[in-house]
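Please walk through this structure with me, one piece at a time. Keep the sequence and the 3D view side by side.

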Amino acid sequence: MGETGCGKSVTAHSVMGLIPVPPGRIVGGTVTFGKHGNLLDLKEEEMQKLRGKEMSMIFQDPMSSLNPVFTAGFQVEEAIVTHDRHISKKDLLSRVVGLFKKVNISDPEKSVHSYPHMLSGGMKQRVMIAMGLSCGPKLIIADEPTTALDVSIQAQILTLLKKLQKEEGSSVLLISHDLGVIAAMAKNVAVMYAGSIVEYAPVSDLFQQPMHPYTKGLLGAIPRLDRDIERLAVIPGTLPNLFDLPEGCKFRERCSEALEICASVRPRLIEIEPGHEVACHACARDR
Amino acid sequence: MLRFIFRRLLLLIPVLIGVSIVAFLILHLAPGDPAQMMGGIEASEADLIMLRQKFGLDRPLPVQYFMFLKGMFTGELLSLRYESPVMEVIWPRLKNTLALASVSIVIAVLIGVTAGVLSAVKRKTWMDYTATVFALLGISMPVFWWGLLLMLLFSVKLMWLPSGGMGTPLHYILPSIVLGTASAGIIARMTRSSMLDVLRQDYITTATAKGLSRRLVVGRHALRNAMIPTVTVVGLQFGQLLAGAVLTETVFSWPGVGRLLVTSILARDYPVVQTSLVLIAAFFVLVNLAVDVLYAVLDPRVRYHG
């Protein structure tokens, strides 16, 4: 979770190896994925075998993430055929219809032959989810899957994702800037600020006992129906320039708890309580 | 769809009437007397009057226009120069031009689309720059000069290919390359820009995220979308090839309608010029109709209602 521009999507795209190179490039770190080890060491052909099969992705805007010139069914079939070349035409169709049923697409037998422009936004996102599930991946990355949808559809899609996650046993990496969505969906939460993770904790700990000043600020800024206040709480200041990040802690200039050391040394994630990691000098000192 | 095609075919009628009126008026407004051209310099005034009467050139313009329309439909319209029915004069040559233009457009599409896709995929590499330079060269090179250069190399120096005329498939190579060069350049530029646009779309990331190879992502998901604007350009270019073949036909002595048109204009052979223009316009409209039909094939969002 994190605000726009904090690097959530870039991180997720990097995991899948979807950052276009050039201009993008990964300068450091590792992406460890089960028995496959560090994904950054894999060749492009090896990554192709993982994409769609072991890990899949559901994108933010279902309006633009389906190819307008192919039928919804074909685009899901393609994901299956790519990883299973020997499947027969009949099995393929019945599998896609089965997937469409599973994600509650209305009239699945007909919808497989529909082009994206004939489907609503919610239905398109269900097609994307069907595509993501098609090969039984271990990891599904859902990049703000409901941001572009109506509120009522949002709830349906989230409920569906949660149900499928339980049934299929896949891990879901959900990206969101919506604290309500996070509270309802997540087990563990990583909070990002200006390109790095500043806090990582089980969801209940995070909401009840936020430690990083940024997380505290975020949670404090949620307006509440049961309190009458004149002004909404804000985090003072603005995001640092991402092309010219300050030395030391990136949040220092907006932080009320900043220490002297914050200006020179960038804090690293440290486990402060079991399962609760924070990148903050002030939090570490208070322990 | 069929109703749409039928309606577009009906629309051909007013277009062709318009073309025939414009062609007729422009020719008759231009100075020059066909009788004088036929009779030659020594023709006496009496000869000229006789010639004008014979071909109806002394009648009022509206009457001449309707005579021309009627003659075109009945096939009785005679060429002033050849004194045989115009269709017999035009059709064999129009066929040659159509053949040449078809081969040219195929070559132009093959080269143009390949170059365009490569320079989009390998954007800002030497491949992209090379393709761009050649596309711009192709667009800006004068046809007669480019034709002469190729002829000098392949016909005169290397003696691999015939320098003119038609008959064997070998005769097609040089003229169709020369005729198609500019179109190939324009198609390459168009393909490149629409491909670059398509490659930025979210559905391309989706296709990659499915595990498709780069080849499939580009060749299947991107190309089909990128072809939609390119097809328009190809249609327009084909019309240009039909109308613009005259220089190539002249350089390679290709017996086509372009050269016939020019010599007929010089000879003030009104019936041939007017009929050729109407026929070329008809083919132009038909090609554009084919482009519109192709749209619906490429893009399922396009549906025509009768």
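**A walk through the model**

A:Ser56 has A:Ile140 of β2(A) standing opposite. The strands that hold such residues are DSSP runs (E, at least two residues), helices are runs of H or I with at least four, and both are numbered from the N terminus. β1(A) pairs with strand β2 (residues 139-143) of chain A in the parallel sense, over four bridges. Two strands count as paired if DSSP finds at least two bridges between them.

This is a predicted model, in which local features need pLDDT of at least 70, side-chain atom pairs count only at pLDDT 80 or more, and totals for chains, interfaces and linings use all residues. Residues are numbered from 1 along each chain as its sequence is written, while chains are lettered from A and ligands numbered from 1 in the order in which they are written.

Now take the whole sheet. It is open, has three strands in the order β1-β2-β3 (chain A), and pairs in parallel. β1 (55-58) and β3 (171-175) of chain A stand at the edges with a single partner strand each, so one side of each has no neighbour in the sheet. From one strand to the next, the twist averages 15 degrees.

Two helices belong in this picture. Helix α1 (residues 8-16) of chain A packs on the sheet and touches β1, β2 and β3 of chain A. The direction of α1 makes about 150 degrees with that of β2(A). Helix α7 (residues 121-133) of chain A lies across β1 and β2 of chain A, at about 175 degrees to β1(A). Axes here are lines fitted to C-alpha atoms, for helices over the stretch in contact, and angles between N-to-C directions run from 0 to 180 degrees. Contact between two residues requires C-beta atoms, placed from the backbone, within 7 Å.

Which residues does A:Leu173 touch, not counting residues up to four places away in sequence? They are A:Ala12, A:Leu139 and A:Ile141. A:Leu173 itself is in strand β3 of chain A. A:Leu173 and A:Ile140 are 33 residues apart in sequence, yet 6.2 Å apart in space, C-alpha to C-alpha. A:Leu173 counts as partly exposed because it has 17 C-beta neighbours inside 10 Å. The scale is simple: 20 or more other C-beta atoms within 10 Å means buried, 12 or fewer means exposed, anything in between is partly exposed, and the C-beta atoms are placed from the backbone.

Step back to the domains. Chain A divides into domain 1 (8-186) and domain 2 (197-286), with bounds from an automatic or database domain assignment. Their C-alpha centres lie 32 Å apart.

Further along chain A come antiparallel strands. β4(A) and strand β5 (residues 196-202) of chain A are joined by six bridges. A:Val189 stands opposite A:Ala201 in β5(A). The two strands form a hairpin with two residues between them, and A:Ala194 in the turn has a positive phi of about 45 degrees. β5(A) also runs antiparallel to strand β7 (residues 276-278) of chain A, with two bridges. There, A:Tyr200 has A:Glu277 as its bridge partner.

A:His212 sits in the loop between α10 (203-208) and α11 (213-220) of chain A. Is A:His212 buried or exposed? A:His212 is buried, because 27 other C-beta atoms lie within 10 Å. Its contacts, not counting residues up to four places away in sequence, include A:Val191, A:Val198, A:Cys280 and A:Cys283. A:His212 and A:Cys255 are 43 residues apart in sequence and 9.7 Å apart in space, C-alpha to C-alpha.

Next, the interface. 24 residues of chain A are in contact with 19 residues of chain B. On the chain A side, α2 (44-50), β1, α3 (62-65) and α4 (72-83) each give two or more residues. The largest share, four residues, comes from α4(A).

Chain B has 12 helices and zero strands. Its C-alpha trace spans about 85 × 55 × 30 Å along the principal axes. Of its 306 residues, 38% are buried.

Finally, confidence. pLDDT is the predictor's confidence in each residue, from 0 to 100. Chain A has a mean of 86, with 100% of its residues at 70 or more. Chain B averages 87, with 99% scoring at least 70. The model scores ipTM 0.84 and pTM 0.81.
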